Structures are given as structure tokens and as C-alpha cells.
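This report goes through some features of one model, heading by heading. Please look over the sequence and the structure before reading on.

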Amino acid sequence: MSGAGRVTGTARGSWTVVLVLANLLSCYVGYGALFIRPEGSWDSAAIDGIAAAAVFLCVLGGLTLLLSYMPVRRGTLARWWLLLPAVFLLTGVARLIHVEYAYPV
């Protein structure tokens, strides 16, 4: 056996870079989804932008969660790497629910 199940620093480093970049992008989109405020219930452009950012945050959170599951399962990365994408996913869902109830059509 030539170390097929062994974790090397290169594997850990490449997964870390990819996941850090994905989480930073999610953080940027989440900032837009959470801190954009419409001027009123008539400001449909801002409400649509918030909803689009929240949907994009859900997609990014879900994809990053799936992407980070593989190295966590193999033992390359620690389990806490699953926490941030899950938080982003739940934040996007919560913001979508909030927009639906706060600004009905």
C-alpha cells in the first residue's frame, strides 16, 4: 500500500483555498442580502435584489456545503468546515422568508 489513504499537505491546502474562496464569496453575497434595505414597500427593485441575493446565497451555501463534505468525510479537513456553508444556507433561507412576510406582493 503506497499511502492511498494518507492525507498530504498538498491535498489539505488545495481544499482549504477552494473552500475559503467559496466562503468569502458567500460572505459577500450574504452581506448584500442582509444589509440592503428597501426605502419602502413600493421599492420593488431593492426587494427583488434582496430576494435574488438571498437565493444566490442559498445556492452558494448548498454548493459549498456539498463541496466541503467530501474532504471532511475523507478526513482531509476538520468537521467545522461544514459549519460556515450551513450558516450561509440557513441565512439565505431565513432572509427569503423574511422578505416574503415583510414585503408582500
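Is Trp81 buried or exposed? Trp81 counts as buried, because its relative accessibility is 12% and the cut-off for buried is under 20%. The model is a predicted one.

## Aromatic pairs

Two aromatic pairs are present in the structure. One of them joins Tyr31 and Phe35, whose rings are tilted, with 45° between the planes and 4.9 Å from centre to centre. Both residues belong to helix α1, which covers residues 9–35, and they sit four residues apart, about one turn of the helix. An α-helix has 3.6 residues a turn, so residues three or four places apart point the same way. Tyr31 is exposed at a relative accessible area of 54%, and Phe35 is exposed at 53%.

Trp80 and Trp81 have ring centres 4.8 Å apart. Their planes meet at 25°, so this pair is stacked, as planes under 30 degrees apart count as stacked. Trp80 counts as exposed, with 56% relative accessibility, whereas Trp81 counts as buried.

## Helix α3

Helix α3 runs over residues 83–102 and has 20 residues. At 1.5 Å a residue it should span 28 Å, and its end C-alpha atoms are 28 Å apart, which agrees.

Which residues of α3 are buried? They are Pro85, Phe88, Gly92, Arg95 and Val99. Seen down the axis of α3, these buried residues fall within an arc of 85°, so they line one face of the helix. The face turned away from that buried side carries the exposed residues Leu83, Leu90, Glu100 and Tyr101.

Ser26 lies in helix α1 and is buried, with a relative accessible area of 0%. Residues up to four places away in sequence aside, Ser26 touches Leu57, Leu60, Gly61, Thr64 and Phe88. Phe88 is also one of the buried residues of α3.

Ser68 is part of helix α2, which covers residues 44–74. Ser68 is buried too, with a relative accessible area of 1%. Leaving aside neighbours within four places in sequence, the contacts of Ser68 are Leu19, Trp81, Leu82 and Pro85. Among these, Trp81 is the buried residue of the opening question, and Pro85 is one of the buried residues of α3.

Conventions: Residues are numbered from 1 along each chain as its sequence is written. This is a predicted model: local features need pLDDT of at least 70, side-chain atom pairs count only at pLDDT 80 or more; totals for chains, interfaces and linings use all residues. Side-chain values use heavy atoms; hydrogens and water are left out. Helices (H or I, at least four residues) and strands (E, at least two) are DSSP runs, numbered from the N terminus. The expected span of a helix is 1.5 Å times one less than its number of residues. Buried means under 20% relative accessible area, exposed over 50%, partly exposed in between (1.4 Å probe, protein chains only). The arc is that of the directions from the helix axis to the C-beta atoms. Rings of Phe, Tyr and Trp (its six-membered ring) pair if their centres lie within 6.5 Å; planes under 30 degrees apart count as stacked, over 60 as edge-to-face and the rest as tilted. Contact means heavy atoms within 4.5 Å.
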